[in-house]
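Walk through this structure one piece at a time. Keep the sequence and the coordinates open as you read.

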Amino acid sequence: MLSSVIGSIGTAINIIATILCMRCPGMTLGKMPLLVWLNLVMAGLVILAVSPLSAAQIMLLIDRYLGGHFFDTQAGGSAVIWMHFFWIFGHPEVYVLVLPAFAFASEIIPVFSRKAIFGYPVMVLATIAIGFIGMSVWAHHMFTVGMSAGANTFFVLSTMAIAVPTGIKIFNWVATMWGGKLRFEAPMLFCVAFLFQFLVAGLTGVTLAVAPLDWQLGNSYYVVAHFHYVIVGGILFTIFAAFYYWFPKAIGKRYNEALARLHFWLFFIGFHLTFDFMHVPGLLGMPRRIYTYEPGRGWDIWNLLVTVGVVFQAAGILIFAGNLIWSYLRGKAAGNDPWDAWTLEWSTSSPPPVYNYAAIPVVRSRRPLWDLKHPEDPDWRYE
Amino acid sequence: MSANTFAISELPASRPFTLRLHEWVTTVDHKRLGVLYILFALVFLIVGGIEATIMRLQLVRPHNDLVSPEVFNRMFTMHGTTMIFFVAMPLVFGFANYLVPLMIGARDMAFPRLNAFSFWMSALGGLFLYFSFLGGNGLYGAGSTPDAGWFAYAPLTAKTFSVVASSEY
Amino acid sequence: MSTVSVDLLESNFEWRLPSRGRVGMYCLIAAEAAIFTIFVVAYLFYIGKTVSGPKPKDVLHAPILYTVCLLSSSITVHAAVRRLVAGNMVAFARFWILTILLGGVFLFGTAREWAHLILQDGLSINTNLFGTTYYSLVGLHAFHVTMGLLALSTVVLIYFAGRLRREHAERLEILSLYWHFVDAVWVVVFLVVYVIGV
């Protein structure tokens with residue numbers, strides 16, 4: 001784990017240095033694609049939040065192998081302090097995972113709505129706000145530990161506060177789609193599902209942010225349902241979208257659209273079967289991490305339905321894997337710009353050459369390819 | 001003459017497998033490293049999914065006995081750790097590696113060799129953790145993988161309560 | 001093919017971005033600062049909570065001399081880089097080696113203090129909570145000093161191999177940023193361990 005943490009920090013340093021030091025001429029920070037902005041903030045969070053994890057792991061190693069007493073209450077140490085250190089990493093970690101998901105949505109939704117992203121500056125500010133506030137909410141994982149009322153209240157408020165910039169982003173994505181010419185190929189299907197699912201996930205999160213509710217629901221299957229809704233329904237769906245969107249660019253071949261849509265529907269059904277219904281046993285009191293349970297508590301039918309959903313999800317994933325392999329071997333050539341998109345990568349060949357760009361491009365707006373394709377109406381007139 | 005000085009499309013179509021493997025293992029090209037991260041993540045997605053499936057099958061009805069409590073504990077610990085650290089993070093880094101230089105008009109990342117080093121460190125971490133399946137009482141007892149939950153709360157993970165040596169893997 | 005919007009490049013278009021070595025080093029320093037912060041927070045939180053064994057005020061003596069050595073090494077490393085920028089290779093080497101020596105004296109001082117604590121006072125990392133927090137915090141810092149010294153020594157080797165040039169000054173300045181960071185951490189550790197914690 002320490003090994004992979006070192007890898008993560010190295011990658012984050014790389015990402016920040018690349019974005020700050022290697023942009024092509026004309027690409028000021030205000031003209032970068034949103035994906036780049038979101039990855040910049042993500043890398044910053046990795047640097048500030050993953051390092052505490054390695055510190056905590058070193059402390060655990062010292063306790064376990066050198067007889068240390070960091071978490072040894074008999075010697076004056078504190079087990080709660082592990083929780084603090086872990087969650088100081090753990091909560092920003094989920095923002096590390098979700099910001100790139102937002103990045104994919106922010107690139108794909110405009111292209112499939114044939115409209116530029118609504119409110120670029122606000123999206124950037126909201127991202128930075130999420131980065132900052134996300135570092136101050138960690139103890140909402142510890143409401144049941146017995147912190148003071150003041151501490152609990154602070155974390156309740158900060159957790160609710162983070163819903164604001166996140167909600168702004170959802171609003172902006174929807175506003176991007178509004179009035180656009182929507183195309184529902186596989187990447188867009190996954191992104192639309194993401195919008196709806198992430199919203200629900202955020203709402204269950206806000207219910208958990210209310211400390212007294214968390215005292216009842218904490219460590220139950222309601223929490224499990226909530227975070228899987230975010231991670232699977234939010235993040236994994238956009239990752240599938242990103243796969244389908246950039247597969248033609250990276251591999252140079254088109255994937256099979258029919259199989260992709262089958263993947264989407266199977267996985268969508270399975271996801272909702274599993275994780276919608278998972279909220280119910282949680283509300284009925286089923287705790288996490290138990291290997292079995294008594295019959296007659298009202299949990300049985302829900303657990304059954306949840307398990308059935310797994311079958312659909314597994315089928316979806318198999319089709320996804322099959323589609324990728326089949327398309328890699330037999331897919332039709334994709335061309336440089338199959339989606340008629342606007343960011344720089346679509347100007348290279350598919351796949352791009354090793355050196356990416358024979359001549360470093362010069363850009364003048366947020367959508368350089370739009371400017372190229374529409375010289376009579378370039379973006380830089382309006383930005 | 002090193003194969004890396006040509007664009008990929010200019011290389012001869014059939015190169016020996018060992019040469020191709022060597023290119024992939026020693027690459028510092030952000031696109032290839034991105035693909036490596038993503039393939040690594042997809043493999044662990046399947047593994048983490050199997051761990052989830054085992055848990056769900058155990059919970060499909062009350063008083064089920066598909067797996068023992070010890071194995072179940074190892075399953076939920078490994079499922080969480082795997083999905084966060086060996087699926088989601090590599091996917092995130094993989095896509096970032098692939099896309100960021102292309103989208104800013106750059107030829108590679110700022111530190112290509114650090115990039116390669118970071119990938120292999122992450123891969124090593126995955127290997128270390130999964131190596132723990134081979135310890136303890138063998139594979140059907142899920143080895144000596146960690147069993148204290150992915151957030152590894154003390155004091156359960158302290159030496160007194162968790163003799164198994166894998167909690168900090 | 002792969003060019004975009006070339007028409008608008010005016011000849012006085014200035015496009016300056018920060019140097020990647022500098023940005024990379026600042027990021028590394030931020031990550032390390034986050035790690036140290038956690039250890040410092042643990043130390044502060046645990047002050048006065050140790051249940052048994054030797055207590056800080058019984059066994060700690062502020063290492064003033066060694067601290068002065070380490071902090072002066074920041075001055076000497078800065079002087080060394082300035083000399084290199086000016087092209088004065090010999091003076092550069094003198095100051096750089098002096099930096100390494102001062103750092104080495106600091107490490108020697110730490111080793112001496114630890115030997116005394118372990119052998120005379122019976123305090124080691126597993127003795128009590130104070131031992132755990134003290135050795136881990138001071139030890140983590142000493143580890144970073146060691147890494148820094150290794151890097152500085154590598155530069156000396158390059159110098160003596162005749163491969164060091166004036167153009168390397170920028171890179172050496174970035175390396176010296178790491179050394180300044182290590183010194184700054186010591187200021188904090190010193191305050192926390194020998195002033196606040198006693």
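Chain B has four helices and zero strands. Read along the sequence, its pattern is α-α-α-α. The model is predicted. Of the 169 residues in chain B, 48% are buried. Now take the contacts in this chain with a separation of 6 or more. Residues 24 or more positions apart account for 62% of them.

One residue shows such a link along the chain. B:Tyr37 lies in helix α2 of chain B. Is B:Tyr37 buried or exposed? B:Tyr37 is buried, because 27 other C-beta atoms lie within 10 Å, and the cut-off for a buried residue is 20 or more. B:Tyr37 and B:Val87 are 50 residues apart along the chain, and their C-alpha atoms are separated by 9.1 Å. Set aside the neighbours of B:Tyr37 within four places in sequence. B:Tyr37 is then in contact with B:Pro90, B:Phe93, B:Gly94, B:Asn97 and B:Phe119. The helix α3 of chain B spans residues 69-103, and α4 of that chain spans 112-131.

Next, look at a loop of chain B. The loop between α2 (30-58) and α3 (69-103) holds B:His63. B:His63 has a positive phi of about 55°, although it is not a glycine. Most residues other than glycine have a negative phi. B:His63 is exposed, because 8 other C-beta atoms lie within 10 Å, and the cut-off for an exposed residue is 12 or fewer.

A:Asn219 is not a glycine, yet its phi is positive, about 60°. A:Asn219 sits in the loop between α7 (211-217) and α8 (221-251) of chain A. How many other C-beta atoms lie within 10 Å of A:Asn219? There are 15, so A:Asn219 is partly exposed.

Another loop of chain A deserves a stop. A cis peptide bond joins A:Ser350 and A:Pro351, with omega about -5°. Most peptide bonds are trans. A:Pro351 is in the loop between α11 (300-330) and α12 (368-373) of chain A.

Stay with α11 of chain A and turn to helix packing. Two packed helices are described by the angle between their axes and the distance between the axes. Helix α9 of chain A covers residues 257-277. The axes of α9(A) and α11(A) come within 7 Å and cross at roughly 160°. That angle makes α9(A) roughly antiparallel to α11(A), because angles over 145 degrees count as roughly antiparallel. The crossing of α9(A) and α11(A) is left-handed. What classes of residue make up the contact of α9(A) with α11(A)? There are 19 nonpolar residues, seven polar residues and no charged residues.

Now the nonpolar cores. The largest nonpolar core has 198 residues. The residues that touch the most other members are A:Ile16, A:Val46, A:Ile108, A:Phe190, A:Ala241 and B:Ile104. Which helix gives the largest share of this core? α8(A) does, with 22 residues. A second, separate core has 10 residues, including B:Leu59, B:Val67, B:Phe72 and B:Met78.

Pick out one of the residues of the largest core, A:Val46. Leave aside its neighbours within four places in sequence. A:Val46 is then in contact with A:Ser8, A:Ile9, A:Ala12 and A:Val96.

Finally, consider how the chains meet. The contact of chain B with chain A takes 62 residues from chain B and 70 residues from chain A. On the chain B side, α2, α3 and α4 (112-131) each give two or more residues. Which of these elements gives the largest share? It is α3(B), with 17 residues. The chain B side divides into 41 nonpolar, 14 polar and seven charged residues.

Chain C also touches chain A. That contact takes 36 residues from chain C and 40 residues from chain A. On the chain C side, α1 (20-46) and α5 (129-160) of chain C are the elements that give two or more residues. α1(C) gives the most, with 14 residues. By class, the chain C side has 24 nonpolar, 10 polar and two charged residues.

Conventions
Residues are numbered from 1 along each chain as its sequence is written. Chains are lettered from A and ligands numbered from 1 in the order in which they are written. This is a predicted model: local features need pLDDT of at least 70, side-chain atom pairs count only at pLDDT 80 or more; totals for chains, interfaces and linings use all residues. Two residues are in contact if their C-beta atoms, placed from the backbone, lie within 7 Å. Ala, Val, Leu, Ile, Met, Phe, Trp, Tyr, Cys and Pro count as nonpolar, Asp, Glu, Lys and Arg as charged, and the others, Gly among them, as polar. A nonpolar core is a set of buried Ala, Val, Leu, Ile, Met, Phe, Trp, Tyr and Cys residues joined through C-beta atoms within 7 Å. Axes are lines fitted to C-alpha atoms, for helices over the stretch in contact, and angles run from 0 to 180 degrees between N-to-C directions. Angles under 35 degrees count as roughly parallel, over 145 as roughly antiparallel, 65 to 115 as roughly perpendicular and the rest as oblique. A crossing is left-handed if the near helix is turned anticlockwise from the far one by less than a right angle, and right-handed if clockwise.
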